[in-house]
Protein chains: 2
Amino acid sequence: MKNMVECVPNFSTSQPKVVEAILDEIKQVKAAHLLDYTYDDYYNRLVVTFAGNKNAVLKAAIDSAAKAIELIDMNQHNGQHPRIGAVDVVPFVPIKNINLKDCIRLAKKFGKTLAEKCNVPVYLYGEAATKPERRDIDWIRQGEYENLRENMRKPKRKPDFGPPSPHPTAGATITGARKIMVGFNVNLGTANLQVAKKIAKALHAKKGGLAFVKAMAAEIPEKNLTQIGMSITDFEKTPLHRVFELVKIEASRYNVPIVSSEFCGLAPLQALIDNAAYYLKIDNLNEDRVLEVAMQKAAEKAKKK
Amino acid sequence: MKNMVECVPNFSTSQPKVVEAILDEIKQVKAAHLLDYTYDDYYNRLVVTFAGNKNAVLKAAIDSAAKAIELIDMNQHNGQHPRIGAVDVVPFVPIKNINLKDCIRLAKKFGKTLAEKCNVPVYLYGEAATKPERRDIDWIRQGEYENLRENMRKPKRKPDFGPPSPHPTAGATITGARKIMVGFNVNLGTANLQVAKKIAKALHAKKGGLAFVKAMAAEIPEKNLTQIGMSITDFEKTPLHRVFELVKIEASRYNVPIVSSEFCGLAPLQALIDNAAYYLKIDNLNEDRVLEVAMQKAAEKAKKK
């Protein structure tokens with residue numbers, strides 16, 4: 001494999017038929033590999049992970065986004081996660097033999113192509129942002145889909161590609177490049193959303209929490225629980241154990257137990273290694289000490305001989 | 001790769017030149033891959049991990065064992081780990097497209113060949129054992145190298161291969177087949193070996209500890225610490241967190257802190273996954289949720305298309 005990019009688009013749907021149609025577009029691109037997808041009713045959001053070489057990933061991103069724009073009507077959409085469009089955000093992540101700059105170029109290509117093809121406005125965020133405030137995806141999402149038409153009248157909210165007003169049913173799309181991110185959700189043994197919101201606030205970087213954590217609270221009514229939904233934007237600097245133990249500490253203030261956790265999307269091996277190193281107090285643990293990795297590397301080396 | 005076997009021989013040396021000579025024998029076998037080795041003065045023991053196809057692994061095992069028998073004089077050997085010979089134990093472990101029965105056959109071939117080539121007595125243990133008591137490696141090691149000549153006079157201690165008395169400088173060798181084992185050592189913040197022995201006893205399966213744990217205590221004089229050296233023979237049934245937390249509990253009785261831990265040899269990925277699932281309370285975590293594994297599988301699938 002020459003180069004490998006990961007793409008983790010977030011679509012505003014949890015309808016099984018729409019999900020299927022979106023995934024089908026990705027599956028039809030031969031050199032793009034569908035790795036994971038999760039969706040649920042309470043977020044009403046589909047998070048897909050696929051990877052492959054640059055060209056294949058770009059094609060799969062465009063085709064799946066176009067299908068989502070065709071099938072999703074944002075005027076019918078409710079969900080607990082902030083969003084501005086049917087194809088809410090499409091990040092490109094460097095994995096192998098490719099860097100963040102390449103992924104920024106890819107995001108711009110994606111944005112331009114999607115805007116032309118579907119007549120949808122597209123914003124660049126994060127490392128790909130064209131204005132400082134747009135580095136922050138939360139700034140772009142302010143007011144959400146419901147206030148998008150109003151918001152887009154402001155000159156500073158002119159999109160990077162496409163028309164100056166929202167697509168009538170698909171809103172707008174955000175794209176960019178970022179490092180590997182860990183999606184990590186913690187389920188709390190309380191149905192009290194106010195308590196969950198306080199705990200989320202305590203974790204959230206900008207509100208005084210951990211530096212590389214974005215946290216939000218959500219309800220899971222059918223389980224009578226609430227959830228802290230988190231993105232860890234640099235899991236090597238803010239590791240999982242620190243996030244989990246801080247949720248535990250903040251929740252203990254309200255006598256709320258942690259019921260369970262889950263990864264949203266895929267977990268990098270290094271996060272599991274760091275986790276074992278912390279909880280088991282292991283010095284100098286690295287991927288070369290993992291049996292499967294050592295074998296894989298040995299086999300690759302042997303092939304080259 | 002058609003089939004993959006792992007071999008984890010334990011040699012009674014920590015002399016760098018002898019270590020190097022032994023490793024060189026393995027490196028010279030093209031299709032055998034050296035994955036890991038650890039040795040230290042306080043155990044005075046070298047643990048090597050290598051893998052490859054059956055034939056390559058067998059050749060590397062025989063060549064490295066013969067070199068060790070040539071270079072190590074057990075009459076000069078001191079070390080805290082029980083041992084009966086220069087090549088103390090050589091286990092074969094099924095990894096891919098091969099089962100435990102194949103590995104038993106491989107162990108028997110290894111034992112027969114080494115006995116003939118080096119005139120060293122060889123015992124089969126574990127799944128390869130020819131008598132019930134020999135399933136237990138500790139039974140075979142009773143009395144260690146120092147009492148081997150005396151012990152071997154007993155008819156029930158007749159070796160499976162080779163001469164009926166010890167090799168004059170290399171003692172005897174044990175070989176067999178087993179499932180993947182996790183070597184896990186925990187360093188205690190005490191120099192008191194008696195305390196460490198009590199904690200090791202509390203962990204050891206046969207003495208009332210955890211079902212799939214063998215534990216021993218050792219001194220690390222240069223660090224003024226002691227160590228609980230453990231083998232977890234079935235890490236899926238007795239996971240790492242249970243072992244670690246029980247060491248912590250038993251050590252707390254003596255107000256002894258855990259300073260650090262280490263894997264001896266390689267750690268299976270599943271052990272890291274199980275560890276994260278426990279400490280972070282993650283439901284349904286499996287290897288397909290690990291980014292690198294998902295990508296590897298996707299790439300392999302794509303190749304087959």
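Which residue of chain B comes closest to the rotation axis? I found Leu272(B), at 3.1 Å for its C-alpha.

Before going on, I note that this is a predicted model, in which local features need pLDDT of at least 70, side-chain atom pairs count only at pLDDT 80 or more, and totals for chains, interfaces and linings use all residues. Residues are numbered from 1 along each chain as its sequence is written, while chains are lettered from A and ligands numbered from 1 in the order in which they are written.

Entry on symmetry. I superposed the copies by least squares on the C-alpha atoms of residues with pLDDT of at least 70 in both, and a rotation of 180° with 0.0 Å of shift along its axis brings chain B onto chain A, at an RMSD of 0.0 Å. The two copies are thus related as by a two-fold rotation axis.

Entry on the interface. Counting two residues as in contact if their C-beta atoms, placed from the backbone, lie within 7 Å, I find 35 residues of chain B in contact with 35 residues of chain A. Among the elements that give two or more residues to this side of chain B are β3 (32–40) and α9 (291–304) of chain B, with helices (H or I, at least four residues) and strands (E, at least two) taken as DSSP runs numbered from the N terminus. α9(B) gives the most, with 7 residues.
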